[in-house]
Amino acid sequence: MNLRLKERRESLGLTQQELAKKVGKSFRTIQSWERGESYPNAEFVVVLCKIFDIDPNELLGWYIDHPEDRPVPLKPDPLASELVSCYSQCTVDRQAALIQYARDAALASGETVECSQLRAGKAS
């Protein structure tokens, strides 16, 4: 849990002692919270949120949307990476030939290919 209390406290121009007084805790407790050595309980999370004028999710560094609701990033395809690496090492003429071969192969497999104007005019 990363509360980032120090940054929030400093943005309000408060010292640790001043925040401690507002929260009703000791200066040492504020130090401990800022260092991540201990954490405020729910009661003090509410107090801190009021002082900083923020949402508890923001204070606690929690997400608003559940990660399972987010799209899963695709894992890199090692063969595609190898293909790109080999392509980038080719001459311009060979790159044009590879692009044309890839288009032909995709067409033969029944896929619709939407290629950008990659090396337009150089591929035959």
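Which residue caps the N-terminal end of H4?

**Before you start**

This is a predicted model, in which local features need pLDDT of at least 70 and side-chain atom pairs count only at pLDDT 80 or more, while totals for chains, interfaces and linings use all residues. Residues are numbered from 1 along each chain as its sequence is written, and side-chain values use heavy atoms, with hydrogens and water left out.

**Stop 1: the whole chain**

Show the chain as a cartoon. It has seven helices and zero strands. Helices (H or I, at least four residues) and strands (E, at least two) are DSSP runs, numbered from the N terminus. Along the sequence, the pattern reads α-α-α-α-α-α-α.

Now colour by accessibility. Of the 124 residues in the chain, 22% are buried. Buried means under 20% relative accessible area, exposed means over 50%, and partly exposed lies in between (1.4 Å probe, protein chains only). Next, consider contacts, meaning heavy atoms within 4.5 Å. Among those between residues at least 6 apart in sequence, 44% join residues at least 24 apart.

**Stop 2: H2 against H3**

Select residues 16-23 for helix H2 and residues 27-35 for helix H3. Two packed helices are described by the angle between their axes and the distance between the axes. Here the axes come within 8 Å and cross at roughly 105°. The axes are lines fitted to C-alpha atoms, for helices over the stretch in contact, and angles run from 0 to 180 degrees between N-to-C directions. H2 and H3 are therefore roughly perpendicular to each other. Angles of 65 to 115 degrees get that label; under 35 counts as roughly parallel, over 145 as roughly antiparallel, and the rest as oblique.

Show the side chains at the contact. From H2, pick Gln16, Gln17, Leu19, Ala20 and Val23. From H3, pick Phe27, Ile30, Gln31, Trp33 and Glu34. By class, the contact has six nonpolar, three polar and one charged residues. Ala, Val, Leu, Ile, Met, Phe, Trp, Tyr, Cys and Pro count as nonpolar, Asp, Glu, Lys and Arg as charged, and the others, Gly among them, as polar.

Zoom in on Gln16, in helix H2. At 16% relative accessibility, Gln16 counts as buried. Setting aside neighbours within four places in sequence, Gln16 is in contact with Arg9, Phe27, Ile30, Gln31 and Glu34.

**Stop 3: along H3**

Stay on H3. Ile30, Gln31, Ser32 and Trp33 are buried here. What covers them includes H1, H2 and H4.

Click on Ser32. Its relative accessible area is 14%. Not counting residues up to four places away in sequence, Ser32 touches Glu37 and Ser38. Then step just past H3 to Gly36, which takes a positive phi of about 80°.

**Stop 4**

Select residues 42-52, helix H4. Start with the cap: it is Asn41, with a side-chain oxygen 3.1 Å from the backbone nitrogen of Glu43.

Which residues of H4 are buried? Phe44, Val45, Leu48, Cys49 and Phe52 are. They cover an arc of only 145° around the axis, which puts them on the same side of H4. That arc is taken from the directions from the helix axis to the C-beta atoms. An α-helix has 3.6 residues a turn, so residues three or four places apart point the same way. The buried residues of H4 pack against helix H1 (5-11), H2, H3 and helix H5 (56-60).

Turn the view around. On the other side of H4, Glu43 and Lys50 are exposed. Val46, also in H4, is partly exposed, with a relative accessible area of 44%. Draw a C-alpha to C-alpha distance from Val46 to Leu59: it is 9.6 Å, across 13 residues in sequence.

**Stop 5: Asp53 and into H5**

Asp53 lies in the loop between H4 and H5. Buried or exposed? At 69% relative accessibility, Asp53 counts as exposed. Most residues other than glycine have a negative phi. Asp53 has a positive phi of about 55° although it is not a glycine.

Finish at Pro56, in helix H5. Pro56 is partly exposed, at 37% relative accessibility. Leaving out residues up to four places away in sequence, Pro56 touches Val45 and Cys49. Pro56 and Leu3 are 53 residues apart in sequence, yet 10.0 Å apart in space, C-alpha to C-alpha.

Technical notes
Polar contact = N/O pair within 3.5 Å; in protein donor to acceptor, adjacent residues only side chain to side chain.
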